[in-house]
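Here is a short note to read alongside the structure. Please keep the sequence and the view open while going through the points.

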Amino acid sequence: MQTVYPVLFTKTKECILVEAPDLGILTEGKDMKNAIEMARDAMELMCVTLEDHKKEIPEPSNTLDITKGTFSGDGETILSYVDIDSGEYRRKTDTKAVRKNVTIPSWLNYEAEHAGINISRVLQEALMNVLHVKRNF
């Protein structure tokens with residue numbers, strides 16, 4: 001899932017406090033670049049978690065509905081946007097191998113073994129091609 005959410009950034013003397021109201025995310029960063037990275041990471045993790053639990057992912061709200069955030073009294077707050085991609089996040093972070101049994105004809109297995117072909121690798125590449133996704137590591 002790719003989308004863009006409104007995010008509140010509140011600058012304090014020590015850090016940038018971050019709130020993504022639609023996803024219930026509160027985090028912080030040492031500077032604006034880090035705050036955006038922290039927001040994106042937390043938001044993508046939340047969406048992946050919701051997907052895994054088959055729960056609905058909230059739609060981004062209208063920015064006109066966002067008037068004040070949790071940290072509004074702690075410093076100067078600005079409203080901005082952070083783009084997220086839960087599929088990209090999953091490909092970067094969920095790299096564990098999953099065992100799947102596949103059935104191929106014996107003659108094809110013989111040919112693959114004699115050619116030194118890694119069937120698992122070929123299957124992975126074929127699936128990525130069919131699904132139009134790229135390996136991120």
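**Notes on the model**

1. Asp 52 and Arg 90 form a salt bridge through their side chains, at 2.9 Å from N to O. A salt bridge here is a side-chain nitrogen of Lys or Arg within 4 Å of a carboxyl oxygen of Asp or Glu. The two residues are 38 apart, with Asp 52 in helix α1 and Arg 90 in helix α2, and the pair links distant parts of the chain. Helices (H or I, at least four residues) and strands (E, at least two) are DSSP runs, numbered from the N terminus.

2. This is a predicted model, in which local features need pLDDT of at least 70 and side-chain atom pairs count only at pLDDT 80 or more, while totals for chains, interfaces and linings use all residues. Residues are numbered from 1 along each chain as its sequence is written, and side-chain values use heavy atoms, leaving out hydrogens and water.

3. Arg 90 also meets the side chain of Glu 51 in a salt bridge of 3.0 Å, N to O. Glu 51 lies in helix α1 and Arg 90 in helix α2 (residues 86-93), so this pair ties together parts that are 39 residues apart in sequence. Asp 52 is partly exposed because its relative accessible area is 47%, given that buried means under 20%, exposed over 50%, and partly exposed in between (1.4 Å probe, protein chains only). Glu 51, at 27%, counts as partly exposed, and Arg 90, at 25%, counts as partly exposed.

4. The strands form an open sheet of 4, in the order β3-β2-β1-β4, with antiparallel pairing. Two strands pair if DSSP finds at least two bridges between them. The edge strands, β3 (25-29) and β4 (76-85), each pair on one side only. Between β2 (residues 16-20) and β3 there are 5 bridges, and Ile 16 has Gly 29 as its bridge partner in β3.
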